[in-house]
Amino acid sequence: MGLELDIDWDGFHWLNVAFLLVYTFEVMAKMKRQGCGFFTGASAGWNIVDLLISLGGLVGLLAIPVYEAVIYAGFGQASQYASFVSGFLSMLPIFRLFRVLRLYK
């Protein structure tokens with residue numbers, strides 16, 4: 001994340017998309033394989049963290065641009081709340097660091 005701010009390279013966006021696709025596929029495959037055990041099994045807490053991280057990434061990738069486009073189309077300018085919402089949701093990828101904690105369980 002630090003390099004993303006220091007180096008002006010568009011590849012960081014596509015790298016983020018690639019990791020998001022891998023994590024989302026992993027969560028979907030786990031849900032398919034474990035069924036209801038995904039939410040009730042021994043590692044249910046970590047599974048839910050993985051699900052929330054993946055959903056947060058998808059919201060950041062898809063919902064923020066759609067929200068800003070709708071606000072711009074409806075009002076002709078950015079809403080005063082658009083920067084707050086997009087700023088808050090853009091911080092969601094920080095929670096991916098919690099995945100590293102799984103190594104210590």
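Ala44 counts as buried, at 9% relative accessibility, where buried denotes under 20% relative accessible area, exposed over 50% and partly exposed the range in between (1.4 Å probe, protein chains only). The model is predicted, with residues numbered from 1 along each chain as its sequence is written; local features need pLDDT of at least 70, and side-chain atom pairs count only at pLDDT 80 or more. Totals for chains, interfaces and linings use all residues, while side-chain values use heavy atoms, with hydrogens and water left out.

Ala44 is placed in helix H4. Apart from neighbours within four places in sequence, Ala44 is in contact with Phe38 and Phe39, contact being defined as heavy atoms within 4.5 Å. Two aromatic pairs are found in a search of the whole structure. Phe38 and Phe39 form an edge-to-face aromatic pair, 5.0 Å from centre to centre and with 85 degrees between the planes. For such pairs, ring centres of Phe, Tyr and Trp (its six-membered ring) lie within 6.5 Å; planes under 30 degrees apart count as stacked, over 60 as edge-to-face and the rest as tilted. Phe38 is buried, with a relative accessible area of 1%, whereas Phe39 is partly exposed at 42% relative accessibility.

The chain contains five helices and zero strands, and its pattern along the sequence is α-α-α-α-α. These elements are DSSP runs numbered from the N terminus, helices being H or I of at least four residues and strands E of at least two. Of the 105 residues in the chain, 22% are buried. The accessible surface of the chain is about 7800 Å², and carbon and sulfur atoms contribute 72% of this area; the areas come from the Shrake-Rupley method with a 1.4 Å probe, and for residues only the protein chains shown count as cover. Among contacts in the chain with a separation of 6 or more, 58% are accounted for by residues 24 or more positions apart.

The buried residues of H4 include Asn47, Asp50, Ser54, Ile64 and Ile71. Gly76 follows H4 and has a positive phi near 80 degrees.

Among the buried residues of H2 are Gly11, Phe12, Val17 and Val27. Thr24 of helix H2 is buried, with a relative accessible area of 18%. The side chain of Thr24 reaches the backbone oxygen of Leu20 at 2.7 Å, and Thr24 touches Ser54 and Leu58 when residues up to four places away in sequence are not counted.

Lys30 is likewise located in helix H2 (residues 11-34) and is buried, with a relative accessible area of 12%. The side chains of Lys30 and Asp50 are joined by a polar contact of 3.4 Å. A polar contact is a pair of N or O atoms within 3.5 Å; within protein, one must be able to donate a hydrogen and the other to accept it, and residues adjacent in sequence count only if both atoms are side-chain atoms. Just after H2, Gly35 adopts a positive phi of about 60 degrees.
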